[in-house]
2 protein chains.
Amino acid sequence: MPKRSSASAEILLGLLAMEPMSGYDLAQSIRASVGHFWNESYGQIYPNLRKLAKGGLVNSRSERQAGKPDRHVHSITERGRQRLREWLTVPPQPETPRNELLLKVFLGAQVEPEVLVAHVESMMRSERATLQKLNATAQEIAAAHGKQPAAPYWLMAVRFGQLELQAHLRWAEETLDSLRQIAAHRAASPQKRRRTHGDK
Amino acid sequence: MPKRSSASAEILLGLLAMEPMSGYDLAQSIRASVGHFWNESYGQIYPNLRKLAKGGLVNSRSERQAGKPDRHVHSITERGRQRLREWLTVPPQPETPRNELLLKVFLGAQVEPEVLVAHVESMMRSERATLQKLNATAQEIAAAHGKQPAAPYWLMAVRFGQLELQAHLRWAEETLDSLRQIAAHRAASPQKRRRTHGDK
DNA sequence: GGGTGCATGTAATGGGTTACATGATTCT
DNA sequence: AGAATCATGTAACCCATTACATGCACCC
């Protein structure tokens, strides 16, 4: 019994259900479409593609190309579509992803507040950037693919990212305020606190 | 060069910096304090504790107990504290956690909207429950540990979870609306769409 | 001449969960 | 009688990333 059914093969099926693609294309496509909540490495993609072919869930054909390696184009079979639908029906169970930043915040009393300030600021920057990308993606979906039946679903996924990132940014602002207060309080208080250890 | 420095050992150090504990205690403590964004299994805890002891970052002593296995109580050393502070200073790099529910939403056009409705609803239920737990935790920290210098940091970590969960719940409501509209539209439209395949 | 993109894949390595093994005590 | 709690740990397995290997074309 596998511990976690992993979904690495299933996302390939899912994308191939939209259009036939090569392994390389799949990697690109994943980064572009679901990159904000999912990633796959080649080390996962190629072996899984093999397994899918062996199981009859995709068909593969080779295209000769001058100067480049053969392109192996994979297309989903009817059995593949069925498998995909089955998988989509299985309720995803809630997981607890690990969050290293939060862990460092939780343990923050062990270091100067400035350390956490820097971490939170850099997190803000990177999340602002991805939020902007997401906004652009949303626009693009509406503009270029608005009529496709899958478009509403893509937008739901994007919307999730937008709301989550907004929440993170709000948290970051709040947290920076608190941290700066702590820092100011420390600077004002008489005791030296360079090394926290020893004060019980 | 390790691909991801993993932090499984560091969280142990971090908790042991608050008070000496056994491996069993650590597991409990992790669930209780940072369980909403971090988890560790025994298969991780015990071997790491060994490594920490070997590296001189914790000291371990055995306590005999009648009828139970010996309790191995670990306490952090000065070197351990230093290591912890170093690790806390390293900026956490942003990661993209995988989100199976979102993947299923993204691919949702392949199945009846009712399937996604069920998934989103069950996600709402579970997230509402953890939000309530978090609210309780926040209260408890303020009430019972309010004077501890680490309390503000604990509250920041909790706050993150609260804001994120609120965002998720807002998204879930929006999404349910959209899905129900799609479902209604489908029911009204004349074509049979049981099996989506074939309609390009 | 060197970087980037296209295009395939494998091997090594590591991180983590699950299942197993043991066993007394206490609660239901 | 049986389940849960205390308490330790190991082994098997799996999932995933990284690094490596190859090689042409195109652009700067």
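At what angle do the axes of α1(A) and helix α4 of chain A cross, and within what distance do they come? I looked this up at the start. The axes cross at roughly 120 degrees and come within 10 Å. Helix α4 covers residues 78-89 of chain A.

Some ground rules went into my notes. The model is predicted, so local features need pLDDT of at least 70 and side-chain atom pairs count only at pLDDT 80 or more, while totals for chains, interfaces and linings use all residues. Residues are numbered from 1 along each chain as its sequence is written, chains are lettered from A and ligands numbered from 1 in the order in which they are written, and side-chain values use heavy atoms, leaving out hydrogens and water.

**Entry 1: α1(A) and α4(A)**

I noted how helices are defined: they are DSSP runs (H or I, at least four residues; strands are E, at least two), numbered from the N terminus. Axes are lines fitted to C-alpha atoms, for helices over the stretch in contact, and angles run from 0 to 180 degrees between N-to-C directions. α1(A) and α4(A) are therefore oblique to each other. Angles under 35 degrees count as roughly parallel, over 145 as roughly antiparallel, 65 to 115 as roughly perpendicular and the rest as oblique. The crossing is left-handed (the near helix is turned anticlockwise from the far one by less than a right angle; clockwise is right-handed). From α1(A), A:E10, A:L13 and A:G14 make the contact, and from α4(A), A:G80, A:R83, A:L84 and A:W87. Contact means heavy atoms within 4.5 Å. By class I found 3 nonpolar, 2 polar and 2 charged residues. Ala, Val, Leu, Ile, Met, Phe, Trp, Tyr, Cys and Pro count as nonpolar, Asp, Glu, Lys and Arg as charged, and the others, Gly among them, as polar.

**Entry 2: α1(A) and α3(A)**

I turned to helix α3 (residues 42-54) of chain A, which packs with α1 (residues 8-16) at about 75 degrees, axes 9 Å apart. That makes the pair roughly perpendicular. The α1(A) side includes A:L12 and A:L16, and the α3(A) side includes A:I45 and A:L49. This contact has 7 nonpolar, 3 polar and no charged residues.

**Entry 3: the two chains**

How many residues does each chain give to the contact? I read 72 from chain A and 72 from chain B. Together the chains bury about 7000 Å², 68% of it on carbon and sulfur atoms. Buried area is the accessible area (1.4 Å probe) that two parts lose on being put together, summed over both. A:R98, A:F106 and A:Y153 supply 13% of the area that chain A buries against chain B. The copies meet through the same surface, because 100% of the interface residues of chain A are also interface residues in chain B.
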